[in-house]
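This briefing summarises the architecture of one protein chain for use alongside its coordinates. The points below are grouped by topic.

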Amino acid sequence: MSENEHRRTGLSRREVLRTGAVAGAAAAFGGMAAVPASAAPAQGRPAGGRDDADLALVNGTIHTMDADNTVASTVLIRDGKILAVGTRAGEHGRRVVTVNLHGRTVVPGIIDNHNHIVLMGNRPGHHTPLENASSIADVQQTYAERSAGIPAGAWITTIGGFHRNHLVPPDQPPRLPTLAELDDAVPDNPVYISEAFSGPSATNSLGKAFFTGRGIPVGDDGLIAGGFGASPTGQATLALRQTLLTFDERKRGAVDAVGYGLGLGVTTHLDQGAFQAANAPSDGAAHEDNYTMHLPFLALHDEGGLSARLRINFLHMESDPATPGLVERLRNQFQFFGDDMVRTGGIGEFIAQGTGTTFAAAALRVAEAGWRAEVHSLSATDFQAEIQAFEAANAASPITDLRWVIAHVPFITEDYVDRFKALGGGLSLTGWRYLAGSPSGNGPPFRMIVDNGINTGMSSDGMQIAPMNPWLHMYYATTGLNARGVLINGGQQISRQEVLRLYTRDNGWFLREEDVLGSIEPGKFADLAVLNKDYFVVPDEELKQIRSVLTVVGGEIVHDTGEVDVR
Ligand SMILES: [Zn+2]
């Protein structure tokens, strides 16, 4: 049943969501108690674009990202979808809530086709992104502001998504903040800052007391040693998870994570799963329970409180050549099942451990089941084994219509791009090298890939080794500069128009939703972001400061800084 058909029956979208397919999906995940609806319209603002009122954005510079790159001044939204795009609001016949843009730049809602927002939502403590900090003072200010909004004694944490490289100006050696600096900023809340997958980490005096009380070594300067395996950072992260994570805390974290994305203009996330947690100190920032970690997001959705779209891939990383878990997943799970807000996806970003015989066997199974597969490539050669295995799978069960994806691809060569293109595949590019890349640890070859014409999209791969902020990734893709200001990806830059297209219109293909998402065109879902700066003209360094001042998802204002005239 379409949304319009629901509407004719007199059910609002939220009622449909509460009673519809996702209740079934929740039951399939183990069942959840029904929770009363608590839809939260933008505070004190008229709500347009749904039910009883249209939403009109007028007097703007609206980059529709349609096939002709049309720039319009007005867009009219009705029942969650774009009704008209043009130079003025047309006939409507209903009450209209009007957003006067006063010339502001509007872009389609950003689609992040590969990230780990579910991990971000399940972080212990009040996770506070530091990806936009460019000095220790920025860290202190960010934490002080966070502290003001939470109870004394509550943990402020930042687990992944940043690197010390951007916390200190390029003329000084990179480092984490010290215990004294963190105490200065946040005297009344324990603090835990942990870099990437497995540290190193830093804490303040309150945090140090907690950790040392559990036998976890902390330096006088607040540093906690990192490393894979049972490092002090691994012990510290585990202690916080075991102490702090209740289901309600995970739900609060999910709201925070989604809200953070909306402030950046990200309206759709394709989540790529986690490493399966063992509840041991060897778990890193990217470990969670793949079988329960979506439940806080599904609970929010059930209550009408999920305000960005979530698509869910299932990560499988088995070393057993029989891949028993993957076999059961393919047998028992529906792909592309759900509704417009939450929907399952394919298998990814792993289908098996490694790229050897187990990987090839897994590819065969996914192809035979007719599922989408997504894997990643990080090394100078792994993409060769992956694409060869995909070719072998395709020979047994055609995958050319299944839209298989390889993500990151820092070193892919054009002959392999061509081979993957022949399989109907697509490449998900990301600017994660921005944080810690070097002239040899660089890529991906944006220019070569975009010019090749293979299906291409853009993603963040946040939240461990990369930031979520799409504007940082666009900065890297268009300048080739890392966080230290070093040109590391020269010759592979693409234009601002090109990378925005990858992050919006072209990402529709990766969701199989190109008919309804990715551009501002009549009939598509009304997902868009009003920006604080003109993306197309600001100097390169100002790209990093772009934010959304008003974000709309499905015709509803879901993020609003109050800077835009809404009446
Ligand atoms: Zn990833």
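Which elements do the buried residues of helix 8 pack against? In this predicted model, they pack against strand 10, strand 11, strand 12 (201-203), helix 7 (205-212) and strand 13 (223-224). The protein chain as a whole holds 19 helices and 26 strands.

**Overall composition**

- Of the 567 residues in the protein chain, 53% are buried.
- When contacts between residues at least 6 apart in sequence are considered, 74% of them join residues at least 24 apart.

- Five strands form an open sheet with mixed pairing, in the order 9-10-11-12-13.
- Strand 9 and strand 13 each have a single partner strand and stand at the edges, so one side of each has no neighbour in the sheet.
- Strand 10 and strand 11 run parallel and are joined by 4 bridges; the bridge partner of Thr157 in strand 11 is Tyr192.
- Helix 8 lies across strand 10, strand 11, strand 12 and strand 13, and runs at about 130° to strand 11.
- Pro232, Thr233, Gly234, Ala236, Thr237, Leu238 and Leu240 are the buried residues of helix 8.
- Helix 8 (residues 232-244) has 13 residues, which at 1.5 Å a residue should span 18 Å; the end C-alpha atoms are 18 Å apart, in agreement with that expectation.

**Helix 5 and Tyr143**

- Helix 5 has 13 residues and extends 19 Å from its first C-alpha to its last, close to the 18 Å expected at 1.5 Å a residue.
- Its buried residues are Ile136, Val139, Tyr143, Arg146 and Ser147. They cover an arc of only 100° around the axis, and therefore lie on the same side of helix 5.
- An α-helix has 3.6 residues a turn, so residues three or four places apart point the same way.
- Exposed residues Glu145 and Ala148 are carried on the face of helix 5 turned away from its buried side.
- The buried residues of helix 5 pack against strand 9 (126-127), strand 10 (156-159), helix 6 (179-185) and strand 11 (191-194).
- Is Tyr143 buried or exposed? Tyr143, which belongs to helix 5 (residues 136-148), counts as buried because it has 26 C-beta neighbours inside 10 Å.
- Apart from neighbours within four places in sequence, Tyr143 is in contact with Thr128, Ile156, Ala185, Val186 and Val191.
- Tyr143 and Ala185 are 42 residues apart in sequence, and their C-alpha atoms are 6.7 Å apart in space.

- The largest nonpolar core has 123 residues, of which Ile351, Ala363 and Val366 touch the most other members.
- A second, separate core of 25 residues includes Trp155, Phe162, Leu179 and Ala202.
- Val366 is in contact with Leu330, Ile347, Ile351, Trp371 and Ala373, leaving aside neighbours within four places in sequence.
- In helix 12, the buried residues are Thr358, Phe359, Ala361, Ala362, Ala363, Arg365, Val366 and Ala367; the buried residues of this helix pack against helix 11 (324-332), strand 18 (342-347) and helix 13 (382-396).
- The 13 residues of helix 12 (residues 357-369) should span 18 Å at 1.5 Å a residue, and its end C-alpha atoms are 19 Å apart, which agrees.
- Gly370 follows helix 12 and has a positive phi, near 75°.

- What is the strand order in the open sheet of 6 strands? The order is 3-2-7-23-24-25, with mixed pairing.
- Strand 3 (71-72) and strand 25 (556-560) stand at the edges of that sheet with a single partner strand each, so one side of each is left without a neighbour there.
- Strand 2 (residues 61-63) and strand 3 run antiparallel and are joined by 2 bridges; Ile62 has Ala72 in strand 3 as its bridge partner.
- Strand 8 (residues 110-115) has 6 of its 6 residues buried, so it is largely enclosed by the rest of the structure.
- Strand 8 pairs with strand 14 (residues 266-271) in the parallel sense over 4 bridges, and Thr268 in strand 14 is the bridge partner of Ile111.

Conventions
Residues are numbered from 1 along each chain as its sequence is written. This is a predicted model: local features need pLDDT of at least 70, side-chain atom pairs count only at pLDDT 80 or more; totals for chains, interfaces and linings use all residues. Two strands pair if DSSP finds at least two bridges between them. A nonpolar core is a set of buried Ala, Val, Leu, Ile, Met, Phe, Trp, Tyr and Cys residues joined through C-beta atoms within 7 Å. A residue is buried if 20 or more other C-beta atoms lie within 10 Å of its own, exposed if 12 or fewer, and partly exposed in between; C-beta atoms are placed from the backbone. Two residues are in contact if their C-beta atoms, placed from the backbone, lie within 7 Å. The expected span of a helix is 1.5 Å times one less than its number of residues. The arc is that of the directions from the helix axis to the C-beta atoms. Axes are lines fitted to C-alpha atoms, for helices over the stretch in contact, and angles run from 0 to 180 degrees between N-to-C directions.
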